[in-house]
Amino acid sequence: MTKIVVLGAGIAGHVAASHLRRKLSREHEVVVVSPNGNYQWIPSNIWVGIGRMKPRDILFPLAPLYAKKHIDFKQAKAVSFHPEGDSQEIKPYILAEYVAGNENGTQEKVTYDYLINATGPKLNFEATEGLSPGKNKAHSVCTYTHAQEAWIALEGLIKQMKEGKKTRILIGTGHAKSTCQGAAFEYILNVEQELRRHKVRDMAEITWISNEYHLGDFGMDGMLLSYGSDIMKSKEMVEMIFEDRGIRWILGAGVHKVEDGVAHYETLDGEYKQESYDFAMLIPSFSGHGFKAYDKNGGDITDKLFKGFMIVDADYSPKPYEEWTVQDWPETYQNPSYANIFAPGIAFAPPHGISKPRKSKNGTDITPAPPRTGMPSGITAKLVADNIIGMIKNPNHDLHHKGSMGNMGAACIASAGFGMTKGSGISITTYPIVPDFKKYPDTHGRKLGKTFGTIGLAGHWLKLALHHAFLYKAKMKPFWWLIPE
Amino acid sequence: MTRRISKFKRFVMMNPIIQFFKFIYLSIKVLVIVAGGHGGTRNA
Ligand SMILES: Cc1cc2nc3c(=O)[nH]c(=O)nc-3n(C[C@H](O)[C@H](O)[C@H](O)COP(=O)(O)OP(=O)(O)OC[C@H]3O[C@@H](n4cnc5c(N)ncnc54)[C@H](O)[C@@H]3O)c2cc1C
């Protein structure tokens, strides 16, 4: 009998746990440890943040599903890692602290044979002075609670606009090294459309603020894409959309401080500037959770497991942008020190960025961190589950399930407005996610055709269809596994 | 000079009949990219 412990029940953790449970007989134990009792389909937070969906439309409780599917669920958070056990416990374990129920506050050593760390990012609001969801008129849409609060504030502002108040709205990244520009991009377009729907568009100046050097960088160094019969840079595409929607933009901005209605930022030229607003949505930087790890004697071995996020089979040797290759990126997400520990999704430490790194004249790094969106999170979680199953069945298994972001495509359907007839979506696919400049030297590291963009109502329908399909899949309803990650 | 969305392009983007076919095309295209698989890069 083998015990597999999955930390986190987000996209990666839930995909891993559900595939493990489906493919392994019941003699093997699958345990999920996660502090949030709900599964949330994060991409639809955007629609919660504009009041077109309620949190209940994008989440469901995990405990009943896991009970039905024979997955053991502990509503707890991992506190520390003990991959060699300790003087009393010979098996490796993680120390978990319950966050709900009768056991709230108590700690438990959760032993494992295999561990999947799918704890995603810590939303590192503290890295930007004054940035905290709902404070200083600045909001977030990173969780459904944040998104709901953002909508309440925006709704209030729409009322004021209807009464004649001119307003300023600021949306983008809240730190010099934030990632997830895609989510902020979706939100700004959805907010713009909602203002038009409420007939108050002329009452607001809407501004995009971002640590990107070019529009459309998205932390992926931008893309050259097929757009209908044209070939276009993502920069041109986003510029075209912002021009069309009357959105102004500030680029190369490292937001470092937020005060009531004012965002302070540094530019790549080394200047310190500020932008005032009545409503802001700023994505914080993402970091690791600050977990500690100990060996069997209690010695600190955190640096064997973590480099901010979890260390996996990537090449972490520091090198300049010109020497970055796709081979630096991990393939199996296995920790090199402990072969029974894996980290799919956002939980793994990337070898470096994807976008060209840039520093301000004062030496501040102002560069988007590399995104790991839902699709690669799901794919990497599934391949980790498959490799673990292989290892259980055959101890000499060679981890042949591989999935480097340098050899994987991603589809990103960015909502640009909600509505069955008035909605819009920007559908972008990218192959590969990490540009391979050797294979595709003339097309900025990506394969044209497989890297394409298109705008229109169909994109909204597709995004909505994906919302329903992925919630159906997450609820493990009949034939859920036929829906790809 | 920034590109602009022309009136005709906007019509195509928002016309439900054209977009219905686009939806089918897009769904298939996205599926093909997902189903196109993934792999390693080191021994490629
Ligand atoms: C607003 C927004 C919109 C987005 N839109 C899109 C989109 O349209 N398309 C797309 O592809 N991607 C999108 N993304 C990105 C996508 O949501 C992420 O790629 C994905 O959620 C990453 O999955 P994950 O499982 O690695 O992390 P998460 O989904 O963040 O899951 C992490 C899990 O770990 C748990 N956890 C945290 N701490 C602990 C602990 N100490 N112990 C145990 N468990 C812990 C959390 O509760 C959570 O369950 C969006 C992201 C945001 C914020």
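Colleague: Which residue does B:Arg3 form a salt bridge with, and how far apart are the closest N and O atoms?
Modeller: B:Arg3 pairs with A:Asp230, with the closest N and O atoms 3.0 Å apart. A salt bridge here is a side-chain nitrogen of Lys or Arg within 4 Å of a carboxyl oxygen of Asp or Glu. This is a predicted model, so local features need pLDDT of at least 70 and side-chain atom pairs count only at pLDDT 80 or more, while totals for chains, interfaces and linings use all residues. Residues are numbered from 1 along each chain as its sequence is written, chains are lettered from A and ligands numbered from 1 in the order in which they are written, and side-chain values use heavy atoms, without hydrogens and water.

Colleague: How many salt bridges between chain A and chain B?
Modeller: The count is 5.

Colleague: And how many residues does the contact take from each chain?
Modeller: Chain A gives 47 residues and chain B gives 26, with contact meaning heavy atoms within 4.5 Å.

Colleague: OK, ligand now. What surrounds it?
Modeller: A shell of 32 residues, with A:Ala12, A:Ala78, A:Arg372, A:Gly374 and A:Lys463 the closest; a residue is near if one of its heavy atoms lies within 4 Å.

Colleague: Which backbone atom lies 2.6 Å from a ligand oxygen?
Modeller: A polar one of A:Arg372. A backbone N or O atom of A:Ala12 is 2.8 Å from a ligand oxygen, and one of A:Ile346 is 2.9 Å from a ligand oxygen.

Colleague: How much of the ligand's area does the protein cover?
Modeller: 88% of the 990 Å² of accessible area that the ligand has on its own, by the Shrake-Rupley method with a 1.4 Å probe.

Key:
Polar contact = N/O pair within 3.5 Å; in protein donor to acceptor, adjacent residues only side chain to side chain.
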